[in-house]
Amino acid sequence: MQTTYCEIELDKNKRDAFVYAIKNHYWYQMYIDDLPIWGIVGEADENGEDHYLWTYKKLEIGFNGNRIVDVNLTSEGKVRLIPNTKIAMSYSVKWKKSDVKFEDRFDKYLDPSFFQHRIHWFSIFNSFMMVIFLVGLVSMILMRTLRKDYARYSKEEEMDDMDRDLGDEYGWKQVHGDVFRPSSHPLIFSSLIGSGCQIFSVSLIVIIVAMVEDLYTERGSMLSTAIFVYAATSPVNGYFGGSLYAKQGGRRWIKQMFIGAFMIPAMVCGTAFFINFIAIYYHASRAIPFGTMVAVCCICFFVILPLNLVGTILGRNLSGQPNFPCRVNAVPRPIPEKKWFMEPAVIVCLGGILPFGSIFIEMYFIFTSFWAYKIYYVYGFMMLVLVILCIVTVCVTIVCTYFLLNAEDYRWQWTSFLSAASTAVYVYMYSFYYYFFKTKMYGLFQTSFYFGYMAVFSTALGIMCGAVGYMGTSAFVRKIYTNVKID
């Protein structure tokens, strides 16, 4: 039956807070057995002078067997807000039998008209056509150009020394003695590649699990799954990071392992702790409990680090030998001057535009589900977009690297990584647009919460794209130099 659960002493400050909430159409969210319930705080009269608070919450809970399958909230008891009065808040609960199956209880919260909208299908089709176009373009340009290059280089080998000296030597073959030179800052570079490979494997596994298990039906299950999978895939980070560092002649492998293991967790935990202090200051329910922080730190030290060590040892021993198709010259070749658009900085800035274009629409749906209380459930779309993103990133990075090598600039490792990773910069720039034009957030807490976690998301996306771009480009570079006859 209707029961009073508290009384509010309505002083001027509390009345002003309620009036502000009613004017701005505030609503609140609660959960019963993981089912969300939304309610409005109050309403104003037609003139907008008097403001009323809903004081009576009427809960109607549907059950099927011994399971809750449906929850509805009705707000009643309209009371005018007058300073220095007492307002009694009450609620009642009515239970009723329901025919809704337990596994279907989330269906009414899903919004097919939003997520399976025509523009969503159009964006996927558009991205898919971009993939076909890019793959065709890369294949055509590279096959035609490389065939000409191979023919020219074979012809040059038949010339005598005098003719070759008088000939016009240029192109990617000229840097064969430097193209497999270790990258600058190999320790940081190999740690980033290892972390990127791990983030890619986590994304792939979590999306597959979400497609199979319907993770959206349980609060926090997506985050718990991501943390578990991240910890379990730590050997991937160690293997790729450790083997690359060994190939590049790195000797401080323990330091590389520590940096690779703690790079992403330190970034995520550092941002979360900073936001947490602000949340505690505002007494927000978003504050992370101290016990959870300790548990995450324990996972880092007692699960992620040992597994990373295992992966690093395996990587160094199984694939850590530098088996390059070309010998590396003792003295680095000078890099000739080139046109401004061939500079690595320009290539890096332009490299992320097409990959961002392929995921642009999906970013809107992901942002809306994360920041606007839509439940994201179309993980098949997300898997398709991830595959498209990887293909577009690899194609664009290969083209960028080919142009760079043709300009006789052998600094392709960092250029390939950063040109692919620059996608994240465009995603973060888009998050600014989304914040100011699509959300109604304001204040220190909401702003720091939004931009802090968007920075973490964008950085992780950038590291993943960078690693995917580098791995694809590395296979391409190895392939073209394997097929060239070099004295």
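In which hand does helix 10 pass helix 13: right-handed or left-handed? The crossing of helix 10 with helix 13 is right-handed. Keep in mind on this tour that you are looking at a predicted model.

**Stop 1: helix 10 and helix 13**

Select residues 344–351 for helix 10 and 412–421 for helix 13. Their axes come within 6 Å and cross at roughly 30°. Angles under 35 degrees count as roughly parallel, so helix 10 is roughly parallel to helix 13. Now show the side chains where the two meet: P344, I347, V348 and G351 come from helix 10, and T415, L418 and S419 come from helix 13. Sorted by class, this contact has four nonpolar residues, three polar ones and no charged ones.

**Stop 2: K338**

Is K338 buried or exposed? With a relative accessible area of 18%, K338 is buried, because the cut-off for buried is under 20%. Beyond its neighbours within four places in sequence, K338 is in contact with E343, P344, A407, D409 and R411. For a sense of scale, draw a distance from the C-alpha of K338 to that of V100: the two are separated by 68 Å and lie 238 residues apart along the chain.

**Stop 3: helix 12**

Select residues 379–406, which form helix 12. This helix has 28 residues and reaches 40 Å from its first C-alpha to its last, close to the 40 Å expected at 1.5 Å a residue. Colour helix 12 by burial and you will find it mostly covered, with 20 of its 28 residues buried. Then click on E408, which follows helix 12 and has a positive phi, near 60°.

**Stop 4: T368**

Next, pick T368 in helix 11 (residues 353–371). T368 counts as buried, at 5% relative accessibility. Leaving out neighbours within four places in sequence, its contacts are F114, Y373, K374 and Y434.

**Stop 5: helix 5 and helix 6**

Select residues 186–213 for helix 5 and 221–232 for helix 6. The two axes come within 9 Å and cross at roughly 135°, so these helices are oblique to each other. Their crossing is right-handed. On helix 5, show Q198, V202, I205, V206, V209 and A210; on helix 6, show M222, T225, A226, V229 and Y230. These residues make the contact, with nine nonpolar, two polar and no charged residues among them.

Which residues of helix 6 are buried? They are S221, T225, V229, Y230 and A231. The buried residues pack against helix 5, helix 7 (234–247), helix 8 (253–281) and helix 9.

**Last stop: the whole chain**

Clear the selection and zoom out. The protein chain has 15 helices and seven strands, and its C-alpha trace spans about 100 × 45 × 45 Å along the principal axes. Of its 487 residues, 45% are buried. Among contacts between residues at least 6 apart in sequence, 80% join residues at least 24 apart.

Methods:
Residues are numbered from 1 along each chain as its sequence is written. This is a predicted model: local features need pLDDT of at least 70, side-chain atom pairs count only at pLDDT 80 or more; totals for chains, interfaces and linings use all residues. Side-chain values use heavy atoms; hydrogens and water are left out. Axes are lines fitted to C-alpha atoms, for helices over the stretch in contact, and angles run from 0 to 180 degrees between N-to-C directions. Helices (H or I, at least four residues) and strands (E, at least two) are DSSP runs, numbered from the N terminus. Angles under 35 degrees count as roughly parallel, over 145 as roughly antiparallel, 65 to 115 as roughly perpendicular and the rest as oblique. A crossing is left-handed if the near helix is turned anticlockwise from the far one by less than a right angle, and right-handed if clockwise. Contact means heavy atoms within 4.5 Å. Ala, Val, Leu, Ile, Met, Phe, Trp, Tyr, Cys and Pro count as nonpolar, Asp, Glu, Lys and Arg as charged, and the others, Gly among them, as polar. The expected span of a helix is 1.5 Å times one less than its number of residues. Buried means under 20% relative accessible area, exposed over 50%, partly exposed in between (1.4 Å probe, protein chains only).
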